Amino acid sequence: MKFRRKAQGEPVDDELLDDLDELDDDEEQEDADLLADGPFDSEDLPADDVERVDLGSLLIAPEPDRELRLQVDEASGAVQSVQLVGPDGAVELRAFAAPRNGDLWTEVRPQIAAEVAQGGGTATEHAGPWGPELILRTGQRGGQQQVVRMIGVNGPRWMLRCQLVGAAAQKPDESTAWEDTIRRVAVHRGAHAMPVGEALAVTMPPQARRVDQPE
């Protein structure tokens, strides 16, 4: 269906409005179907008896083979991202404010690909469980090219960005366990207004223990 901007004073076509309402409903249902098995909105958590760690905008389900780490900005002390680290890789999680019924991931995906290309890397799309993903191949580290698998999940007024490294990035079709880790995440958006694309705040839990990285 093609759309055009209505001229000033032109009467509104009721059938066109009905079509637009149906499209909005279809998009909402499609997003809800994608999130039915997670990641979840904090308002729609299933009755799964999972005790999630409350990090403000992110609620993380602990796993025996995943270590929960927080990436903290040394200057401000603010938590920038959440990491779950396992023996075969890791995933970094960040949530961002998004418009209602919007598709922020489709909007930012080409921007990310362009930035990687400017840095001398490559970005290719891969079909994943939540739609199009990006497989990023960036600069060399230790003689090997870095491979990052980036997943974007659109939720109600939020987008969850997941960056996978290790086996889940190098073999995306064999990464069910890491995808299940993402499915257990819940995002708490809050009702307050925020600019689109602004990162949702992550808070340090009171029982967190600081571990200094070796120099």
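The model is a predicted one. One ring does have a charged neighbour: the charged end of Arg 66 sits over the ring of Trp 178, 3.7 Å from its centre. The search for salt bridges, again over the whole structure, finds eight. The largest nonpolar core holds 26 residues, and a second, separate core holds 12.

**Nonpolar cores**

- In soluble globular proteins, nonpolar side chains tend to be buried together.
- Within the largest core of 26 residues, those with the most contacts are Leu 58, Ile 60, Val 91, Leu 93 and Leu 160.
- Strands 3 (58–60), 5 (79–86), 6 (89–97), 9 (144–155) and 10 (158–166) each give two or more residues to this core, and so does helix 4 (176–183).
- Apart from residues up to four places away in sequence, Leu 160 touches Pro 39, Leu 58, Leu 93, Arg 94, Ala 95, Ile 151, Gly 152, Val 153, Val 185 and Val 187.
- The second core is separate and has 12 residues, among them Phe 96, Val 108, Leu 134 and Val 148.

**Salt bridges**

- Arg 52 pairs with Asp 48 in a salt bridge, with the closest N and O atoms 3.0 Å apart.
- Arg 52 counts as buried because its relative accessibility is 16%, under the 20% cut-off.
- Asp 48, at 31% relative accessibility, counts as partly exposed.
- Glu 125 and Arg 109 meet through their side chains in a salt bridge, 2.8 Å from N to O.
- This pair links distant parts of the chain: Glu 125 lies in strand 7 (residues 122–128) and Arg 109 in helix 2 (residues 104–118), 16 residues apart.
- Glu 125 is exposed, with a relative accessible area of 54%, whereas Arg 109 counts as buried at 9% relative accessibility.
- Asp 180 and Arg 183 also form a salt bridge, with 3.8 Å from N to O.
- About one helical turn separates Asp 180 and Arg 183, because they are three residues apart in helix 4.
- Asp 180 is partly exposed at 28% relative accessibility, and Arg 183 is partly exposed with a relative accessible area of 22%.

**Backbone exceptions**

- Most residues other than glycine have a negative phi, and most peptide bonds are trans.
- The peptide bond from Gly 38 to Pro 39 is cis, with omega near 0°.
- Pro 39 lies in the loop between helix 1 (14–34) and strand 1 (40–41).
- Pro 39 is also one of the residues that Leu 160 touches.
- Asp 49 is not a glycine, yet has a positive phi of about 60°.
- The loop between strand 1 and strand 2 (53–54) holds Asp 49.
- Asp 49 counts as exposed because its relative accessibility is 76%, over the 50% cut-off.
- Arg 157, another residue other than glycine, has a positive phi near 70°.
- Arg 157 is placed in the loop between strand 9 and strand 10.

**Strand pairing**

- Strand 4 (residues 67–72) pairs with strand 5 in the antiparallel sense, over six bridges.
- In this pairing, Gln 71 stands opposite Ser 81 of strand 5.
- Six residues lie between the strands of this hairpin, where Gly 77 takes a positive phi near 80°.
- An open sheet of four strands runs in the order 1-11-3-2, with mixed pairing.
- Strand 1 and strand 2 are its edge strands, each pairing on one side only.
- Strand 1 and strand 11 (residues 186–187) run parallel and are joined by two bridges.
- Asp 41 has Val 187 of strand 11 as its bridge partner.
- Val 187 is also among the residues that Leu 160 touches.

Methods
Residues are numbered from 1 along each chain as its sequence is written. Side-chain values use heavy atoms; hydrogens and water are left out. A nonpolar core is a set of buried Ala, Val, Leu, Ile, Met, Phe, Trp, Tyr and Cys residues joined through side-chain atoms within 4.5 Å. Buried means under 20% relative accessible area, exposed over 50%, partly exposed in between (1.4 Å probe, protein chains only). Contact means heavy atoms within 4.5 Å. A salt bridge is a side-chain nitrogen of Lys or Arg within 4 Å of a carboxyl oxygen of Asp or Glu. Two strands pair if DSSP finds at least two bridges between them. A charge sits over a ring if NZ of Lys or CZ of Arg is within 6 Å of the ring centre and within 35 degrees of the ring normal.
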